[in-house]
Every structure is written in C-alpha cells, then in structure tokens.
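User: I'd like to go through this structure with you in questions and answers. Can you take me through the chains, the interfaces and the salt bridges?

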Amino acid sequence: MANTLIFIAISITLLSLLISLYRFIAGPEKANRIIAFDVMSVSTIALIAFISVLNKRIIYLDVALIYGILGFIGVLIIARYIEKGL
Amino acid sequence: MFIAIAIILAIVSIAGAIMAIHHKKLSVAIIASGLVSLTASVMFLLLAAPDVALTEASIGSGLTTIIFFYALNKIRNNHD
Amino acid sequence: MIKKLLIVGLLTGLAFMFYGLLISYNGNETLTGLGSYYAQNGAREVGAANLVSAIVVTYRGLDTLGEVTILFLAAAIIGFVLKLKKDEVVEARPVRETSELLTSASQVIVPVIFLVGVYIFINGHLTPGGGFQGGAVIASGVLLMLLANPTMHISHNIVATIESISGIAFVAIGILGIVLAGGFLDNRLLPLGEFGTLLSAGAIPLIYIFIGLKVGAELSNIIGTISYNQNEKPN
Amino acid sequence: MSENNWNEIIGGFIAIGGSLFLVLGSIGLVRMPDAYNRIQAGTKASTLGTILSLTGIIFIVPDWFGKLLLLILFVLITNPVSSHVLARAAYYTKVPLTGITKVDKLKETLEVEESRKAHLKKVRIQKEEE
Amino acid sequence: MFITLMLAWLLLNNSLQTEVIITGAIISLILPWLFCGKCEVFTYLRITPKALLYSVLFIFTFLTELIKANFDMAYRVLSPSLPINPGIVEVKTKLKSKIGRVILADSITLTPGTFTLDLKDDSMFIHWVDVKSTDLEKSTQLIVNKFEKYLEVMYG
Amino acid sequence: MEYIILISGFLLVLIGLWGILSQKNLIKIILGFTVFNTGINIVMVTVGYVKGKTAPILDVISPEEALTSIVDPVPQALVLTAIVIGLGVTALMLVYALKLYQDKKTLDINNFKDLKW
C-alpha cells in the first residue's frame, strides 16, 4: 500500500523535473536558467529520499545531504559570477 | 518503476549534454554540464552504488563546476 | 567540410562497436571472479562493513597512495603555472560587496558543513563515503567562506603544514603495517573490534582521517590558487 | 500491524501532497512573466514540497527521524538564502522587470544615492581645484 | 555553538552509543576552536522562559504562514488570468542582531507573495507579488510585524 | 533498467567525443572531455551491476549471506579512483587553457599554430 502511494509521488516528482527542464532549455536569460537549475536540484533531493525508502537503506540519505550542500554552493557561485563579484 | 525514473533521467542527461556541447554562451554550457553530472549521480544511486554517487555529486558536479567558473571569470576579466 | 564527414564516419564506427557490446550484454545474474572473493572474505579479513572502502584502502592501498600523489602533483603544477608571471601589473578589479544576509547565514552554515565532512570521513567504513568525499565537502566549506568574504585569502602555510603532516602520517601507518602485521597498509595493526560499530575495522578510520585532511587541504589549495585574483596590488 | 499500516498510508498521502506542490512550483516557473515572479513561485513551492515529502517519509519509516530532520532544517535554511542571492544578482545585472510592475522603491533609493555620490564627488573636485 | 554542533552530530549519526557520543564531543570541541571569530552569531541568544515560549509561538506562526503562502501561490499559478500585481516596496525593521535579521529575512521570503531583495542598514527592499500599499508604514505593518514581535523578544 | 542506463552512457560518450572533435573553443573541448568521462563511468558501473541485488555495504545484511545479495564492488572502487583523478586532469587542462589565453588573447584552437609544420 505504502509502495503504491510512493510510486504515485515519484511519478509526480518526475513530471515536475520535466516541466522545469523546459524552463531550463527555453529560459531567455541566464537568471531564469539558474532558477530552473535550483528547483531541479531541490526536487531531486525528494526523489533520492523516495528511492531510499523503496530500497529500505538509510545510507542513501547521506547522498541527499551532500546533494543539498553542493547544489546550494553551486547556485551561490553562479549567482556571484553573473553579478561580477567572484 | 525504476525504469520510468531511468528513462526520465536519460532524457534529462542527454538534453543537458547536447546543450553543453552546442550552446553559444559558455556559462550556460557549463551549467548544463553540471546538470549532466547531477543526473549521472542519481543513475549511480539506481545502480546500487552509493559510494560512487556521493563521489560524483561532490567532486564531479560540485568542484568541477566551481573550477570552470573561476577560470571563466579570469578570462572575462582579461577580456573587458 | 571533409573534416566533419570524417568525424561523423568515425563516430558511426564507434556507435556500431557499442551496438555490438550492447547486444552481447544481458545482465549479470551472479557475482564472478574477484568480486565473489571480496564478498566472501572481505568482511572477515578486514572487518569493514563498506566493502568498497575496504577495497580502496587495504586491498588496493597502493593505488590510493598514487591517487593522492597525483592530486598533490596537480595542485603543485597549478600553483606553478599560475604564479609564473609576476612582473605584469594588473589593476585591481572592483569586487561587488556581498549582501549582509549571505555573510551572516554563512557563519551558521559553514560549521555544519565542516561537521558533515568530518562525519563522512570518520564513518567511511560503515556508510558510503570516505576520505575523498569528505575532503571535497571540507573544500566546499572553505569555498563558502571565500564566497562570503571575497577579500579573504587562504594562508598557504597552514594548508601546506596540514597537508604534509597528514601525508607523512599516512605513509607511516603503511610502514607500521609492514612491521606489525602482514604488509604495507595492512589495517590489522589495531584490533578489529566489533563488526559494524564506529571504532571497528582496525586502522581504516585512522587512514581515512589522514586521507580526508590531505585531500581537503589539496583541493582548498587548488581553489585558493585559481581564485587568487590579483587583488593584492592596490591601484 | 494495523497501526503501522495506518502510519504508512498517512505518510504516503503527505508525500503525494509534497510532490503536488513541487509540480505547482514548476508550473509557476513556466507561466510567470518575469524572473522575479519565477523566483517567488520556485522558492516557496520547492521548499514546502520537499519538506512535506520528507515529513511523509518520517511517518513511513520512523527510525530515520534524525537524518530526515537534519535534511529538513538544512533545506529550510539554505533555500531562502540562495534565492535571495540569486534575486540580488539578477537585480543588479539589470534583468528587466515585467511591464505591469507598479512600484520600484529600490530603484528610487539607488538613484537618490547615486545623485548624492555624484554631488559629493563634484564638490570634492571643486575643492581640489580651488 | 558546542550545543548546536553536538545536536547536529547526534541527528546525523542517528544512534546513541557511547563511542559515537565521545567522538562527537571531541569534534564539536575542536571545530569552534578553529572558527573562534565566528562565535559572535550565537551570543545574542537569550535563554529565558519567555523567550522559549515565544520561539515555540514563532515556529507555529511560521508554519501556518508557510502553508498559507503555498495555497496562495497555487491559486495564483492555476487561475488562467494570472492575477499578479508585482512591485518592489521598502519596509523598516527594528532588529539589530545578525541572526535575528537572517531569520526575519528567511521568514519574509517564505510567506505569502513576498521575498527579500536587498538589505540596507535598517530598511529592507521586498518584492511583492500583489502590492496592497506603497506606503512605508502600512507595508511595514503588513509584512514585518507579525514576525518581528516574536523575534524581538528572542534575539533583541 | 540497466539497459536504458547503458544506452544513455554510450550516448553520452558519443556526444562527448563529437564535442571534442568538432568544437573550436578550448573551454568547449574541455567540457566535452568531462561529458565523455561521465559516460565512461556510467558504463563501467553498469557492467558491475547484478540484477536485483543491493549495495555492497553490510549494515543490514550479515556477512555470511553477502555472496548472494550484493553487487560487484570492484568496478565501483575503480570508478571512485577515476572520478577523483578526472578532477585533477580537468583542473590541469583548464589552467593550461588559461595560460594559452594569457599569451595569445584567444581561445580558438585554429590560432595555435606553433607546432604546425
């Protein structure tokens, strides 16, 4: 039962990944693409958590934590780059 | 279920790779290659390799993108 | 034009080779060869729950030593190449000041990032991760400090000291392994301990601490060198 | 066993709600007219969506409480900061606002400061000339 | 500082064995010693019963505002005519301590239709999806006050 | 699942090689190199995958039944080394590209003719 619900949640999350991929490809400015990149990396954290529930291994959550840290720093460095403050 | 995740990830990563090669602006190309590394890390997780996924997420996507941006920054400074 | 045709031809040939590989690949069902040996004996001989780090640190310890050496050489060459031109005067570039929110928030976030890095390389024998990943996380913490305060500059002396001390300690543990136990980098110089707890697996946590410190120092050295933006000379 | 089942079902529905918010955020990303409104939609929806998904997982597997709580706190602290830095970068590189924007107080303040600085500079130059 | 790091270490390890606790204590003693210049953030924290009560109330208010913000955003996104009315307004804050300002800016970012664009001294510039008033006093009252009354007690 | 990931790994290799061979800009060539690297890593890990087995970390599995329940750890250890060395190589290539740029003020590879005869 719980697995079915998580399947549905994973499908919806994948849909959101695809929609923000559209904004990433089409975005007119650099800033729009970076927003799409941010949203994709945050929703991938949720995706990793769902995968770890399906596999029943707690150790996969470490990957989500590192993913969050590096995504945050990546967005920061791109933002500092486009405002010429690096 | 894993097949659906794999298909979506393959689509995202190949779109990112084509953008990384063919986009005119260098900064957009670098962000796209970071996207390729991020999806590759989720693929490693699906293949039951959390060690490699951690390494790819921290080193492959994070530090490589950061070093590319610093280099690009130096080129832009000398340029204008 | 003829060049592009040549490239397309080459890639098509390669694609046919890959197609052949893809046809012949039909999913493994069981472990074979070296993998099955490690799966059977790894846990008993080494005492580490994470078989990947068992392989990286003990069975293939010399490879890891070479890898650390390659990273050290890369850092040294980058420093050498970028420092070559000294006489050219580059005028100081105006750097836009960071927002107050970022500097305050980074003071909260940086210690947590360092803590996560330390967690990853101390628990390298139980959970995924190990020296290299922990070192990368520590380097990203240093990078966040640099981002919050662009005029800060990383002291090369401290970094070089940490790096050389941990490198010497790494080799010393390896030689102790020859003296006290079976061979170079043998982890049985300390008792193996109870399987699956923090202080188990002999010397693996110790080795990983030194690898993590060394890799972190090297990567922050690379970042510090490449981000050094000739701001030192005013006007 | 039945209690456990109820926990799992509640957690699953919370997780579905979180992923629905993620989808709403990305729809907002596509539909909004300019970069700032997109940041609005993206930040709020992705933060709440991720938090709700992780909370649902806490209901499903209560043993993983610690790491999930740390992840939730981390997302809650870092996501607004990154969006703030991004918006500030976009504003100072003059990414255009949409046409229906009503007021822009920051621009007025910056213009006032600019004119004051220019005035001070002029005064100083005059003094030096004298 | 020590307490925060220790708590994070325990949450990270998800277990309560003695050796885990000892290692965590050693690490959380070493890390603040390395970053002693950064300790200033935590010194404003007040631990009195009133402050504790107000922080619980603050978390409660914040969560309700967060959920309200998302339903608001969902309504705006899904309705076909896109009812937005954006603008940038200026508000004043009375908080002085750094961590209080960070928390205030974070909460403003996550509440209905607003996010912080820039901070200068005691005025914040806020991008608002649905501008209700351009007046300084009134927008301050609308946006900031509901959080500030708690944060003022907690951090001063 | 592993077929799809294998196919995408091969496609990444091909795209990266195409980028290396056809682009003119030095930075673009290095980007093609990183994409190539990622594709090769994915292919190597896929070769070590065993259907339906879990990760080679024995915290819920007892060591006795490890043989029948984990995937092959050897390719994972090799790929771990390869990623770290890839970072070093990429950083070196970038620094040399920067140096060339400082000498010639251009990034186009057609302008570097010093070794041509």
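Analyst: What follows is a set of questions and answers on this predicted model.

User: What share of the residues of chain B count as buried?

Analyst: The C-alpha trace of chain B spans about 50 × 25 × 10 Å along its principal axes. Its accessible surface comes to about 1900 Å², with 67% of that on carbon and sulfur atoms. Of the 80 residues in chain B, the share that counts as buried is 80%.

User: Among contacts in chain B between residues at least 6 apart in sequence, what percentage join residues at least 24 apart?

Analyst: Take the chain B contacts between residues at least 6 apart in sequence, then keep those whose partners are at least 24 apart. That leaves 51%.

User: On to the interfaces. How much area is buried between chain E and chain C?

Analyst: Here 21 residues of chain E are in contact with 19 residues of chain C. Carbon and sulfur atoms give 78% of the buried area, and the total is about 2000 Å².

User: Which elements give two or more residues to the side of chain E that touches chain C?

Analyst: Across this interface the rule finds 0 salt bridges, and there are 0 residue pairs in polar contact with both at pLDDT 80 or more. By class, the chain E side has 14 nonpolar, 2 polar and 5 charged residues. The elements that give two or more residues to that side are helix H1 (2-13), helix H2 (18-34) and helix H4 (98-109) of chain E.

User: And chain D with chain E: how much do they bury between them?

Analyst: The contact takes 46 residues from chain D and 42 residues from chain E. Of the area they bury, 70% is on carbon and sulfur atoms, and the figure for the whole is about 3800 Å².

User: Which helix gives the most to the side of chain D that touches chain E?

Analyst: The count between these chains is 0 salt bridges, and also 0 residue pairs in polar contact with both at pLDDT 80 or more. Helix H1 (2-31), helix H2 (35-60), helix H3 (65-92) and helix H4 (105-129) of chain D each give two or more residues to this side. By class, the side has 26 nonpolar, 11 polar and 9 charged residues. With 15 residues, the helix that gives the most is H3(D).

User: Is Ser19(D) buried or exposed?

Analyst: Ser19(D) is found in helix H1 of chain D. Leaving out residues up to four places away in sequence, Ser19(D) touches Ala9(A), Ile12(A), Thr13(A) and Ser53(D). Its relative accessible area is 0%, so Ser19(D) is buried.

User: How many of the residues of helix H3 of chain C are buried?

Analyst: Helix H3 of chain C covers residues 51-59 and is mostly covered. Its buried residues are Leu51(C), Val52(C), Ser53(C), Ala54(C), Ile55(C), Val56(C), Val57(C) and Thr58(C). So that you can check the list against the total, the count of buried residues is 8 of 9.

User: Now the salt bridges. Which residue does Asp62(A) meet in a salt bridge?

Analyst: The structure holds 3 salt bridges over all chains. One of them crosses between chains, from helix H3 (residues 60-82) of chain A to helix H3 of chain D. The N to O distance is 3.0 Å, and the partner of Asp62(A) is Lys67(D).

User: Why are Glu218(C) and Lys214(C) separated by about one helical turn?

Analyst: Glu218(C) and Lys214(C) form a salt bridge, with their closest N and O atoms 3.4 Å apart. Glu218(C) is buried at 0% relative accessibility, and Lys214(C) is buried at 12%. An α-helix has 3.6 residues a turn, so residues three or four places apart point the same way. The pair lies about one helical turn apart because the two sit in helix H8 (residues 204-226) of chain C at a spacing of 4 residues.

User: Is Lys68(E) buried or partly exposed?

Analyst: Lys68(E) forms a salt bridge with Glu65(E), the closest N and O atoms being 3.4 Å apart. The two are 3 residues apart in helix H3 (residues 49-78) of chain E, which means a separation of about one helical turn. Glu65(E) has a relative accessible area of 8% and is buried. Lys68(E) is at 49% relative accessibility, so Lys68(E) counts as partly exposed.

Terms used. Residues numbered from 1 in each chain as written. Chains lettered and ligands numbered in written order. Predicted model: local features only at pLDDT ≥ 70, side-chain atom pairs only at ≥ 80, totals over all residues. Heavy atoms only, no water. Buried < 20%, exposed > 50% of the residue type's maximum accessible area, 1.4 Å probe, protein only. Contact = heavy atoms within 4.5 Å. Areas by Shrake-Rupley, 256 points an atom, 1.4 Å probe, with all protein chains shown as cover. Buried area = accessible area lost by both parts, 1.4 Å probe. Salt bridge = Lys/Arg side-chain N within 4 Å of Asp/Glu carboxyl O. Polar contact = N/O pair within 3.5 Å; in protein donor to acceptor, adjacent residues only side chain to side chain. Nonpolar A, V, L, I, M, F, W, Y, C, P; charged D, E, K, R; others polar.
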